[in-house]
Amino acid sequence: MVNSRGGWVSLGALLAVGLLTACGGNGVAQDVRPGLPNGLDVDPTDTTIAATWLERGETFAIVTWGSSSCPPAASALTAEGSDRIAVTFAPSPNEVCTADMAPTTHEFELPDEVTRTTVTIDVSYEDSDETSTLTLE
């Protein structure tokens with residue numbers, strides 16, 4: 001039981017941080033932000049999923065398209081060999097979404113098991129049977 005005014009404020013702040021963390025998580029991505037990563041030049045009318053190296057052999061980004069307020073969350077990243085990765089996206093945990101089409105950049109660290117600099121990425125969505133295959137070169 002919290003018995004002081006300061007205690008109630010602290011408890012409220014702790015609960016608010018917990019809710020924000022639960023709702024706005026990045027999943028297995030290191031960072032998620034709106035827009036395209038530096039160096040990735042794509043046609044803004046082409047809403048195809050894309051991937052690019054951020055730091056060759058270290059970090060990479062996957063760009064998804066959809067509601068800017070409800071981007072999918074990367075739920076799993078697994079190494080499938082020295083030159084292959086599988087990334088699974090789940091639907092956004094957000095409940096209210098804007099009806100726009102915008103890019104979202106999801107940044108990942110390359111798993112230690114992946115040692116090649118040409119890497120195939122199989123991208124799937126939990127709510128779909130389709131898989132997209134991307135290549136980092």
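**Notes on a predicted model**

Q: What does the side chain of Thr 64 make a polar contact with?
A: With the side chain of His 106, at 2.8 Å. A polar contact is a pair of N or O atoms within 3.5 Å; within protein, one must be able to donate a hydrogen and the other to accept it, and residues adjacent in sequence count only if both atoms are side-chain atoms.

Q: What are the ground rules here?
A: This is a predicted model, in which local features need pLDDT of at least 70 and side-chain atom pairs count only at pLDDT 80 or more, while totals for chains, interfaces and linings use all residues. Residues are numbered from 1 along each chain as its sequence is written, and side-chain values use heavy atoms, with hydrogens and water left out.

Q: Back to Thr 64, buried or exposed?
A: Buried, at a relative accessible area of 1%. Buried means under 20% relative accessible area, exposed over 50%, and partly exposed in between, with a 1.4 Å probe and protein chains only.

Q: Where does Thr 64 sit, and what is it in contact with?
A: Thr 64 is in strand β3; strands (E, at least two residues) and helices (H or I, at least four) are DSSP runs, numbered from the N terminus. Neighbours within four places in sequence aside, Thr 64 has contacts (heavy atoms within 4.5 Å) with Ile 49, Pro 72, Phe 89, Ala 102, Pro 103, Thr 104, His 106 and Tyr 125.

Q: His 106 again. Which residue is the bridge partner of Val 32 in β6?
A: That is His 106. β1 and β6 run antiparallel and are joined by 4 bridges; two strands pair if DSSP finds at least two bridges between them.

Q: Which residues have the most contacts inside the largest nonpolar core?
A: Phe 60, Ile 62, Val 87, Phe 108 and Ile 121, in a core of 18 residues. A nonpolar core is a set of buried Ala, Val, Leu, Ile, Met, Phe, Trp, Tyr and Cys residues joined through side-chain atoms within 4.5 Å.

Q: What does Ile 121 touch?
A: Residues up to four places away in sequence not counted, the list includes Phe 60, Ile 62, Val 87 and Leu 134.

Q: New topic. How many disulfides?
A: A search of the whole structure finds 1, from Cys 70 to Cys 97 with S to S 1.9 Å. A disulfide here is a pair of cysteine sulfur atoms within 2.5 Å.

Q: Why is the disulfide left-handed?
A: Because the torsion about the S-S bond of Cys 70 and Cys 97 is about -95°.

Q: How accessible are the two cysteines?
A: Cys 70 is buried at 11% relative accessibility, and Cys 97 is partly exposed at 42%.

Q: Which residues is Ser 67 in contact with?
A: Cys 97, Thr 98 and Asp 100, its neighbours within four places in sequence left aside. A polar atom of the Ser 67 side chain lies 2.8 Å from the backbone oxygen of Thr 98.
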